[in-house]
Amino acid sequence: MSAHRGGRRGRRGGHGGGHENEERWLLTYSDMITLLMALFMVLFSISSVNTSKYKDLQKSLQDAFSGKILTGGKQVMNSGSDGKSPSDQASPAIVPIKPQIGNTSTSSQKAKDDREFRKIKAQIDAYARRHGLSKQLQTQIARRGLVVRLLTDQVVFDPGQAVLKAPALPVLTGVAHALNIDKTHPIMVEGHTDNVPISGSQFPSNWELSTARASVVVRFLIHTGIDKFRLGAAGYANLYPVASNSTAIGRSKNRRVEIVLLRQDQQITPDIPGNG
């Protein structure tokens with residue numbers, strides 16, 4: 001009885017294990033199908049092309065090798081040698097920079113300045129001759145530029161004063177118009193005195209007097225239309241005489257205002273951040 005029951009259990013158990021073994025391959029098969037589908041999806045996504053970007057890239061390459069952007073681009077597209085020598089090819093787009101010779105540029109600019117100074121000098125000299133001011137109004141082309149020397153006695157200022165006299169107005173106007181022919185040269189106005197200590201004046205010394213006279217002339221030149229950024233003022237008291245201070249004539253020559261039309265390579269602007 002018991003053996004019969006054991007045989008029945010053995011047959012039932014053996015039948016169930018065989019069924020499981022027979023269906024196990026389905027799991028492997030389904031996993032393989034899933035992996036293949038994933039692989040196909042990845043390959044498909046890689047193979048898809050952005051048409052617009054592809055066209056942009058194509059156009060960029062065509063322009064680059066067409067010779068419009070880079071000289072010699074067409075040669076890149078050709079296969080092998082085209083039989084042309086290097087000298088037959090287009091010149092390089094970038095021309096090597098040649099070093100500039102400073103002396104040549106400086107001498108050329110100096111020659112140009114001298115031509116302009118001679119032209120202005122001729123006008124001022126002619127004006128001085130017409131008005132009988134050749135002794136009071138003189139010009140000189142110097143190393144630093146065109147110097148217009150205006151003696152102050154009896155024309156520009158009274159002794160010890162920094163107020164323009166009436167006869168000075170037409171003279172300075174004529175000088176200003178001549179200086180303004182060229183509107184690029186900087187202009188420095190310098191006041192000078194003799195060596196006689198100042199007394200009975202609002203100015204404590206010749207320093208203040210010479211500086212005030214230069215500033216008054218600058219204001220007048222601005223009034224005539226000269227750009228204020230071209231102008232500068234300085235007072236040197238009696239430091240730079242042009243004649244001996246031992247005689248009355250020499251001292252009268254030293255009392256002067258000089259309007260200097262500077263050369264292009266000279267500056268009157270102070271060194272401030274952003275100004276060169």
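Let's start with Thr139, which sits in strand S1, residues 137–141; strands here are DSSP runs of E with at least two residues, helices are runs of H or I with at least four, and both are numbered from the N terminus. A quick word on the source: this is a predicted model, where local features need pLDDT of at least 70, side-chain atom pairs count only at pLDDT 80 or more, and totals for chains, interfaces and linings use all residues. Residues are numbered from 1 along each chain as its sequence is written, and side-chain values use heavy atoms, leaving out hydrogens and water.

So, is Thr139 buried or exposed? Thr139 is buried, because its relative accessible area is 13%; buried means under 20%, exposed over 50%, and partly exposed in between, with a 1.4 Å probe and protein chains only.

Which residues does Thr139 touch, beyond neighbours within four places in sequence? They are Lys121, Ile124, Asp125, Leu146, Val147 and Val148, where contact means heavy atoms within 4.5 Å. Two of these partners also make polar contacts with the Thr139 side chain: the side chain of Asp125 at 2.7 Å and that of Lys121 at 3.5 Å. A polar contact is a pair of N or O atoms within 3.5 Å; within protein, one must be able to donate a hydrogen and the other to accept it, and residues adjacent in sequence count only if both atoms are side-chain atoms.

Now over to Leu39, in helix H1, residues 2–47. Leu39 counts as partly exposed because its relative accessibility is 43%.

Of its 276 residues, 28% count as buried.
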